[in-house]
Amino acid sequence: MEKRRTTRLGKFFRFAAFLGVALFSGGALIPNATSARDLMPWKSASHALVIDAYELNIIDWDAMLKDKRIAGFISKASDGLPESFACTGDHAGDTVAHCKTMWRKYAVSRELYQTRRLIARASGLLWGAYHLARPGNPVDQANHFLDYAEPRDDELMVIDIEGIDPEKYMSLQDAAVFVGHIKTRTGRYPMLYTNHVTAKYIAANRDRFPILSRLPLWYARYKPGIRNVFPMGNWDTYALWQFSAASNCGKRRCPYRVAGTLTDIDVNVAAMNAKALKAVWAKGELLPEKPFDRPLMIASGNANISAGAGLGMDMIVTGSIARISIPFGLR
């Protein structure tokens with residue numbers, strides 16, 4: 001009896017000590033920092049997987065489809081501005097021969113896109129398409145994407161922004177125009193694919209990018225965990241997390257190997273199971289806007305305002321107002 005009582009007390013105190021470590025740090029209550037969402041969620045069968053590919057990825061569909069955790073496939077569609085079929089006029093330094101080569105590549109890649117969509121949909125996979133955003137007219141790029149991808153009502157649309165350097169990538173201001181044009185033509189918003197640096201910048205400047213900061217986030221981060229990353233602006237979590245790609249998947253080690261593909265295939269995990277993912281896949285809705293936690297400074301100093309025919313006045317404007325949410329239709 002006494003031995004059993006001692007054993008029980010020992011277990012009780014060990015359990016109490018464990019709770020103390022898990023729940024308190026310096027006397028303060030802290031949340032569980034190692035949730036399935038934050039640490040290698042792809043190891044859990046309750047999280048759906050999504051493959052994304054571009055035209056040079058090799059795929060053995062019979063082998064890949066044996067992996068029943070794969071719920072969706074996102075294909076690269078358009079890339080920047082449309083190619084010129086005629087190859088006449090200025091090619092921004094390109095030769096006519098190179099222009100024709102790019103057009104052939106474009107034509108072949110579009111046929112591959114249509115073929116992959118046919119196979120994926122027939123196999124029961126969710127389908128999506130992304131546009132690689134480059135410098136250049138954002139309305140023309142949006143039209144190019146819609147003409148190329150021909151997205152159906154149940155298919156995901158994505159804008160891929162690789163960075164914040166407007167010399168290399170579409171500027172965030174132009175990206176907002178792109179997104180707005182997609183919404184105007186389809187009635188739905190695309191998802192935003194980007195990396196941590198760009199996502200953090202958008203979140204920190206969400207007053208300047210009120211629409212981009214509310215798009216569902218497809219998050220590229222090749223690390224096993226995302227603890228202390230979210231919440232970030234309006235994003236409480238990711239919609240998709242691209243966790244495996246050529247940069248961190250080789251012959252010896254890989255976060256997740258997909259049968260029928262090489263190590264350069266991109267693999268993504270959803271923040272939900274396949275059934276829940278299907279329900280929200282192509283809704284194209286904005287995330288709720290969170291209130292700002294501090295006032296917005298408008299101006300401080302002297303200002304000269306002119307109005308009408310030569311009417312002017314000098315005045316001092318100073319102070320601040322609280323940030324308020326404005327319905328999207330009134331912006």
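The legends below describe close-up views of a predicted model.

Local features are given only where pLDDT is at least 70 and side-chain atom pairs only at pLDDT 80 or more, whereas totals for chains, interfaces and linings use all residues. Residues are numbered from 1 along each chain as its sequence is written, and side-chain values use heavy atoms, without hydrogens or water.

View 1. Helices (H or I, at least four residues) and strands (E, at least two) are DSSP runs, numbered from the N terminus. Of the 331 residues, 37% count as buried, that is, under 20% relative accessible area with a 1.4 Å probe and protein chains only; exposed is over 50%, and partly exposed lies in between. The accessible surface is about 19,000 Å², and carbon and sulfur atoms hold 58% of that area; areas come from the Shrake-Rupley method with a 1.4 Å probe, and for residues only the protein chains shown count as cover. Among contacts (heavy atoms within 4.5 Å) with a separation of 6 or more, 67% join residues 24 or more positions apart.

**View 2. M64 in the largest nonpolar core.** A nonpolar core is a set of buried Ala, Val, Leu, Ile, Met, Phe, Trp, Tyr and Cys residues joined through side-chain atoms within 4.5 Å. The largest one has 56 residues, and M64, F73, F145, I159, F230 and W235 have the most contacts inside it. Beyond four places in sequence, the contacts of M64 are I51, I59, I70, F73, L125, V258, A259, G260 and T261. A second, separate core has 18 residues, including A71, I74, L126 and Y193.

**View 3. The disulfide between C249 and C254.** The whole structure contains 1 disulfide, defined as a pair of cysteine sulfur atoms within 2.5 Å. In this link the S to S distance is 2.0 Å. The bond is left-handed, with -100 degrees about S-S. C249 is buried, at 10% relative accessible area.

View 4. S244 is buried, at 1% relative accessibility. Leaving out residues up to four places away in sequence, S244 touches both cysteines C249 and C254, as well as Y222, P255, Y256, I265, D266 and V267.

**View 5. A nonpolar surface patch of I164, V197 and Y201.** Together these residues have about 260 Å² of accessible area. Patch residues have over 30% relative accessible area and no salt bridge; like charges are joined within 9 Å, and nonpolar side chains (Val, Leu, Ile, Met, Phe, Trp, Tyr) within 5 Å. A salt bridge is a side-chain nitrogen of Lys or Arg within 4 Å of a carboxyl oxygen of Asp or Glu. I164 lies in the loop between strand 6 (156-160) and helix 5 (172-186), and is partly exposed, at 41% relative accessible area.
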